[in-house]
Amino acid sequence: MSIADRTARTTWVGPLASGEGKLSQGSRGALDGLPLTWASRTEQPGGKTSPEELAAAAHSSCFSMALALKLGENDTPPERLDVTATVTLDAVDGVPTITASRLQVRARVVGLDEEAFAAVVGEAAGLCPVSRLFAGATISVDAELDESEPVRHAG
């Protein structure tokens with residue numbers, strides 16, 4: 001039995017260069033109606049999305065969850081994690097291929113030095129299912145602790 005199954009559907013109309021697609025999904029509709037085109041994938045997005053942007057969203061959210069889990073298991077839960085993923089589409093032997101996902105992490109974690117943080121980041125990298133999905137692609141993580149003063153909220 002699986003932990004979860006999620007479904008998304010794309011309806012594409014027309015040829016690749018001039019056609020367009022729309023996403024829909026079975027959950028709460030966050031992706032419903034998102035437009036995508038070949039131009040939004042390979043040129044300027046123009047308010048549309050692409051499979052690579054969706055893969056980047058999946059990777060950044062997955063990695064942030066894996067890192068939050070590992071930091072919690074280390075008894076140093078994060079105050080804040082900012083994770084950005086940049087997914088690269090490149091031609092490999094003339095075929096468009098996702099070749100890399102670069103993760104940039106900025107974390108506010110109390111009671112953790114850079115060396116211990118790097119070790120926990122490494123554990124999270126091996127835990128994230130989307131990282132494992134990208135097996136064969138180059139995945140890099142640039143992670144740093146945010147040492148600035150925490151934001152105080154009036155209240």
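Which residue in β2 is the bridge partner of Arg 9? The partner is Ser 24. The model is predicted, and this report starts from that pairing.

## The three-stranded sheet

Strands β1, β2 and β3 make an open sheet, in the order β1-β2-β3. The pairing is antiparallel. Two strands sit at the edges: β1, residues 8-13, and β3, residues 35-36. Each of these edge strands pairs on one side only. In general, strands of a sheet pair through backbone hydrogen bonds, in a parallel or an antiparallel sense.

β2 covers residues 20-25. Six bridges join β2 to β1, in the antiparallel sense. One of the bridge pairs is Ala 8 with Gln 25 of β2. Another is Arg 9 with Ser 24.

## The hairpin and its exposure

β1 and β2 form a hairpin, with six residues between the two strands. Gly 14 lies in the turn. Its phi is positive, at about 95°.

How many of the six residues of β1 are buried? The number is zero, so β1 lies largely in the open.

The model holds seven salt bridges. One of them joins Arg 41 to Glu 52, with the closest N and O atoms 2.7 Å apart. Arg 41 belongs to helix α1, residues 38-42, and Glu 52 to helix α2, residues 51-73, so the pair ties together parts that are 11 residues apart in sequence.

Are the two partners buried or exposed? Arg 41 is partly exposed, at 32% relative accessibility. Glu 52 is buried, at 6%. A residue counts as buried under 20% relative accessible area, so the value of 6% places Glu 52 in that class.

Lys 70 is buried, with a relative accessible area of 18%.

Asp 82 and Arg 80 form another salt bridge, at 3.0 Å from N to O. Asp 82 is partly exposed, at 35% relative accessibility. Arg 80 is exposed, at 52%. Exposed means over 50%, so Arg 80 qualifies at 52%.

## A charged network

Which residues are linked in a network of salt bridges? They are Glu 79, Arg 106, Arg 108, Glu 144 and Asp 146.

## A negative patch

Asp 113, Glu 114, Glu 115 and Glu 147 form a negative surface patch. Glu 115 is found in helix α3, residues 114-127. Glu 115 is exposed, with a relative accessible area of 68%.

Thr 86 is found in strand β4, residues 78-92. In a regular strand, side chains alternate between the two faces of the sheet. Thr 86 is partly exposed, at 30% relative accessible area.

How far apart in space are Thr 86 and Glu 115? The separation is 25 Å, C-alpha to C-alpha. In sequence, Thr 86 and Glu 115 are 29 residues apart. Thr 86 is in β4, while Glu 115 is in α3.

Terms used
Residues are numbered from 1 along each chain as its sequence is written. This is a predicted model: local features need pLDDT of at least 70, side-chain atom pairs count only at pLDDT 80 or more; totals for chains, interfaces and linings use all residues. Side-chain values use heavy atoms; hydrogens and water are left out. Two strands pair if DSSP finds at least two bridges between them. Helices (H or I, at least four residues) and strands (E, at least two) are DSSP runs, numbered from the N terminus. A salt bridge is a side-chain nitrogen of Lys or Arg within 4 Å of a carboxyl oxygen of Asp or Glu. Buried means under 20% relative accessible area, exposed over 50%, partly exposed in between (1.4 Å probe, protein chains only). Patches are made of residues with over 30% relative accessible area and no salt bridge: like charges are joined within 9 Å, nonpolar side chains (Val, Leu, Ile, Met, Phe, Trp, Tyr) within 5 Å. Accessible areas come from the Shrake-Rupley method with a 1.4 Å probe; for residues, only the protein chains shown count as cover. Lys and Arg count as positive and Asp and Glu as negative; His and the chain ends are not counted. The place of a charge is taken as NZ of Lys, CZ of Arg, CG of Asp or CD of Glu.
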